[in-house]
Amino acid sequence: MALPWALAVLSLLPLLDAQSPACPNFSVPITNASLDQISGKWFYIASAYRFPEYKKEASELHAVFFYFTPNHTEDTILLRQYMTIGDQCIYNSTSLKVQRENATLSKYKNDTEHFRHLLLPKDPKTFMLASFPEDKQNMGLSIFADKPEVTPEQMEQFYDYLTCMGMDKSEVIYSDEKKNLCLPLEKQHDEERKKEKERSETDTAVD
C-alpha cells in the first residue's frame, strides 16, 4: 500500500508548487544591467512595513514619483523625488549608494544609513525594495512601477512576495495618484532643466 500512497503524494507535488507563492531572492548581485533597468521615472504603488518609522512615513504619503539616474562608475544613484504629503508637494534630491554584491541600495537620513534590498521581478516595468527581510518584527516591502497604476498580475507578484516573507495583505498601504499635487512642480523643473541645457549648448557653441 506504500507505493500507491507515495505515487499519490508525488502526483500532488506539481500542484503544490503551482500554488505556493514565488519567494524573492535577496542575494542576486546588482549589475550595470540592473541599474539600467531601474533608471528613469517611477511611481510608488504600495508598501507594507513593520518597522515603526517606515510604517509611519508610508501612512503619511498620498502619492510619490521619482527619477533614478544611476552612475555605474561611482556605484551611486541620483534620486529626485516628488512626494505629496497632506496638502503639500515636497521635493528632494539625494544620492543613494549601491552595494552590488549585497544587492542593496542605501541612503543616509538623520546620520543613519538605511538599507533596502533591490528585487527585480520578471516584469521589467516594476521593481521592489525590501527592508529587514530576515526580521519578522521589522520587515517591509514596497512596489514601484513605471506607471501610476499597475495590472492585477503586477500586484499579484507583490502579494506573493509578501506572503512568502510572512506578511499579510491587510498590512499593505496604497498610494492614491488622484491626490498627486506635484505635477506642476515637476513641469517647472523640466522647463528649468531645458533652459539650462539650451544655455549650456549656446555657451559651448560660442566657445
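Guide: Here is that pocket, part by part. The model is predicted, so local features need pLDDT of at least 70 and side-chain atom pairs count only at pLDDT 80 or more, while totals for chains, interfaces and linings use all residues. Residues are numbered from 1 along each chain as its sequence is written, and side-chain values use heavy atoms, with hydrogens and water left out.

A pocket is an open set of points on a 1 Å grid over the protein atoms alone, where a 1.4 Å probe fits, with protein on both sides within 12 Å along at least five of seven lines. The largest pocket has a volume of about 720 Å³. Volume here is the space filled by probe spheres set on the points, which are joined across faces, edges and corners.

Now the lining. Lining residues have an atom within 4 Å of a point. The largest pocket has 29 of them. Nearest its centre lie Tyr49, Glu57, Gln81, Lys107 and Arg116.

Which kinds of residue form this lining? There are 16 nonpolar, eight polar and five charged. Nonpolar covers Ala, Val, Leu, Ile, Met, Phe, Trp, Tyr, Cys and Pro; charged covers Asp, Glu, Lys and Arg; the others, Gly among them, are polar.

Several elements contribute. Helices (H or I, at least four residues) and strands (E, at least two) are DSSP runs, numbered from the N terminus. The strands β1 (40-49), β2 (61-71), β3 (76-85), β4 (88-99), β5 (104-109), β6 (112-119) and β8 (140-145) each supply at least two lining residues. So does the helix α3 (52-60). The whole chain has five helices and nine strands.
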